[in-house]
Amino acid sequence: LIITLTTDFGLSDHFVGAMKGVILDILPEATIVDISHELTAFEVGEAAFIVSQTYPCFPKKTVHVVVVDPGVGTSRRPVLLEAAGQYFVGPDNGVFSIVTDHEKHKVREITATRYFRQPVSYTFHGRDIFAPVAAHLAGGVPPGRFGKPIDNYLRRQFETPQRSGKRTWTGTVLKIDRFGNLITNFRADQFPAVRERPFELWVGFEKIRRLVLNYAEGGFGEVFLIEGSAGFLEVASNQGSAAKLLGVGVGAPAELTLY
Amino acid sequence: LIITLTTDFGLSDHFVGAMKGVILDILPEATIVDISHELTAFEVGEAAFIVSQTYPCFPKKTVHVVVVDPGVGTSRRPVLLEAAGQYFVGPDNGVFSIVTDHEKHKVREITATRYFRQPVSYTFHGRDIFAPVAAHLAGGVPPGRFGKPIDNYLRRQFETPQRSGKRTWTGTVLKIDRFGNLITNFRADQFPAVRERPFELWVGFEKIRRLVLNYAEGGFGEVFLIEGSAGFLEVASNQGSAAKLLGVGVGAPAELTLY
Amino acid sequence: LIITLTTDFGLSDHFVGAMKGVILDILPEATIVDISHELTAFEVGEAAFIVSQTYPCFPKKTVHVVVVDPGVGTSRRPVLLEAAGQYFVGPDNGVFSIVTDHEKHKVREITATRYFRQPVSYTFHGRDIFAPVAAHLAGGVPPGRFGKPIDNYLRRQFETPQRSGKRTWTGTVLKIDRFGNLITNFRADQFPAVRERPFELWVGFEKIRRLVLNYAEGGFGEVFLIEGSAGFLEVASNQGSAAKLLGVGVGAPAELTLY
């Protein structure tokens with residue numbers, strides 16, 4: 001009876017506490033797991049990335065609640081996704097796109113208002129819709145009770161590197177982690193050639209030519225490439241922030257040439 | 001056996017971890033729920049607001065521990081509040097005033113030192129008094145065992161809007177949330193007229209005349225009024241920070257005129 | 001079945017969520033306790049301090065996972081420490097030195113790769129080694145199964161004050177807490193004379209001569225000495241930051257003279 005929470009609500013307001021209370025009021029034996037509440041406000045893409053990196057670690061039947069929801073209170077629908085033997089509850093804004101890209105899945109529109117907290121506010125569906133639905137779902141209510149399957153849910157296309165020359169691909173920086181590592185959208189298993197052949201990766205004004213196995217292998221102040229634990233090529237530095245050293249942010253272009 | 005924690009201890013020190021250890025040492029089966037540890041240091045009013053917004057979501061018998069405690073180690077008393085079928089443990093500094101304003105209640109001074117962690121420090125009652133008392137209480141020790149009822153507990157008067165003209169009320173900004181929304185102290189259900197009649201709300205140098213249902217209904221860069229999920233009128237902006245746009249902070253005056 | 005987590009992973013990435021998933025996948029009934037994820041990146045000494053302040057509050061059999069690990073992916077070993085009836089899992093980089101200084105203990109090198117998550121990445125042993133080992137350990141696998149005892153584990157010497165004159169000791173600032181209190185490395189129980197005799201403590205450009213019992217006893221803006229709840233002498237101020245008032249940081253010298 002595991003319910004995870006991933007939001008952009010921060011940790012200094014009452015939002016997260018209210019959601020936890022609603023869940024425990026319905027399902028006192030729930031194990032609530034905080035994934036993150038410090039996601040960048042309104043950044044659906046960042047939330048999609050975090051979800052994609054965490055759900056594979058969780059057991060079957062886990063319910064993942066994701067609330068990064070700039071359209072709260074509008075006609076955007078609440079959805080329930082079944083994939084990988086787990087459940088995902090959140091707004092229909094593309095936040096589950098990386099999951100649906102990789103897993104067999106079924107998406108339902110959540111319409112069964114009897115599982116909502118009443119009255120439903122226009123601005124806090126985390127408390128009024130997603131938390132109570134997750135609690136009922138984890139407690140054993142079958143998915144079909146919450147609403148009918150839909151096909152026209154929103155799928156957001158997250159960028160994959162584009163071939164831009166004979167030996168060149170143009171990608172981007174997907175995410176910068178706490179340590180300043182730049183996670184690119186080059187999947188390590190799709191570019192295994194960097195292990196064996198000379199390459200150049202341009203990011204910002206820097207040309208990176210060295211792949212190392214772990215951070216400590218790099219020199220201090222050096223910026224290098226690494227096959228990151230998230231499955232992507234990362235630009236990193238040993239105990240330093242590659243993001244600061246290169247002066248680049250999320251969305252910066254990254255151009256890879258293989259020789 | 002739910003115990004919630006609301007503190008200004010931050011997340012980079014040992015304080016919160018120590019409290020959790022003390023609780024689990026006494027009551028290993030406790031479900032500990034982090035509400036927030038990022039409250040503004042020493043701001044009893046902010047803590048009172050967070051408590052008031054979260055306890056209604058929790059089930060009966062929940063024990064809420066609140067430690068925002070500038071007077072730790074002085075003669076200020078530890079108190080145990082019973083209200084709404086739940087328990088509240090913390091310093092007698094007014095932090096539970098919004099709860100006692102709205103619920104039938106009984107307040108006890110906590111005097112039973114046998115439930116304290118010994119020796120009691122002068123600077124960390126969260127670990128030495130409030131955490132162990134909460135654990136024993138959640139574990140089934142009756143409230144009466146901790147101390148006798150008192151009447152002279154501290155009640156802080158949180159501001160309510162004052163009538164300042166025939167059609168005018170002067171209130172204030174209670175809280176600014178993570179998204180920059182200004183939560184005023186105008187309760188939405190006490191000023192339903194804003195739904196139907198023209199109004200003006202002055203905050204900072206801005207005059208707000210439009211009430212919308214949800215954030216996305218407002219234009220980008222527009223500042224508007226909304227009936228917030230906390231039950232108060234909020235000044236907000238669509239995916240922007242009203243606080244930054246208006247340049248105002250907690251305690252700023254807000255003047256409402258109904259026509 | 002309590003497992004605590006202390007890391008420098010921050011709260012805006014997927015790292016902590018992934019570790020929790022791995023633990024719950026192996027041991028769904030685990031009680032996972034967040035100690036802190038906001039430790040200064042790579043600061044082994046700070047992590048050692050936090051661990052030393054929290055483990056004494058926890059019950060026997062608790063498993064503490066500590067991941068502040070600048071050497072991840074190198075030849076630095078993963079270790080399992082048994083001390084105080086509890087378990088500690090983390091990198092062999094001295095992070096448990098304060099525990100081993102104070103408790104009878106046994107240290108094992110973790111070599112049983114069958115308890116690891118496969119494949120083991122070079123950059124995220126929190127997810128791939130420490131989390132699964134902690135879950136198996138909490139679930140009942142005997143410590144001996146994870147590897148053989150070693151003697152040559154890394155012990156970091158945390159500074160203790162040095163005698164620098166007939167009546168003078170030179171120490172340092174160990175940690176600055178959220179409130180700006182300077183926690184020195186003078187143990188309160190080793191310098192009880194400050195309670196009874198005149199003293200001078202030089203920190204930054206300030207000479208402190210007054211010991212108070214609790215923060216509120218000091219004047220606003222005054223900087224004074226206090227016997228802190230962590231067992232050390234602390235330089236503090238009443239509802240103000242001593243660190244800001246004195247302009248000093250971690251590692252600043254502190255010179256105590258007893259008269």
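Only 12% of the interface residues of chain A are also interface residues in chain C, so the copies meet through different surfaces; contact here means heavy atoms within 4.5 Å. The model is a predicted one, in which local features need pLDDT of at least 70 and side-chain atom pairs count only at pLDDT 80 or more, while totals for chains, interfaces and linings use all residues. Residues are numbered from 1 along each chain as its sequence is written, chains are lettered from A in the order in which they are written, and side-chain values use heavy atoms, with hydrogens and water left out.

Turning to the interface of chain A and chain C, the contact takes 33 residues from chain A and 30 residues from chain C. The area buried between these two chains is about 2600 Å², with carbon and sulfur atoms giving 62%; buried area is the accessible area (1.4 Å probe) that two parts lose on being put together, summed over both. There are 2 salt bridges between chain A and chain C, a salt bridge being a side-chain nitrogen of Lys or Arg within 4 Å of a carboxyl oxygen of Asp or Glu. The side chains of A:Lys175 and C:Asp13 meet in a salt bridge at 2.8 Å, N to O. On the side of chain A that touches chain C, β2 (31-36), α2 (44-54) and β8 (168-176) of chain A each give two or more residues, where helices (H or I, at least four residues) and strands (E, at least two) are DSSP runs numbered from the N terminus. The largest share of that side, 5 residues, comes from α2(A).

At the interface of chain C and chain B, 33 residues of chain C are in contact with 30 residues of chain B. The buried area between chain C and chain B is about 2600 Å², of which carbon and sulfur atoms give 61%. The rule finds 2 salt bridges across this interface, and the side chains of C:Arg178 and B:Glu38 meet in a salt bridge at 3.7 Å, N to O.
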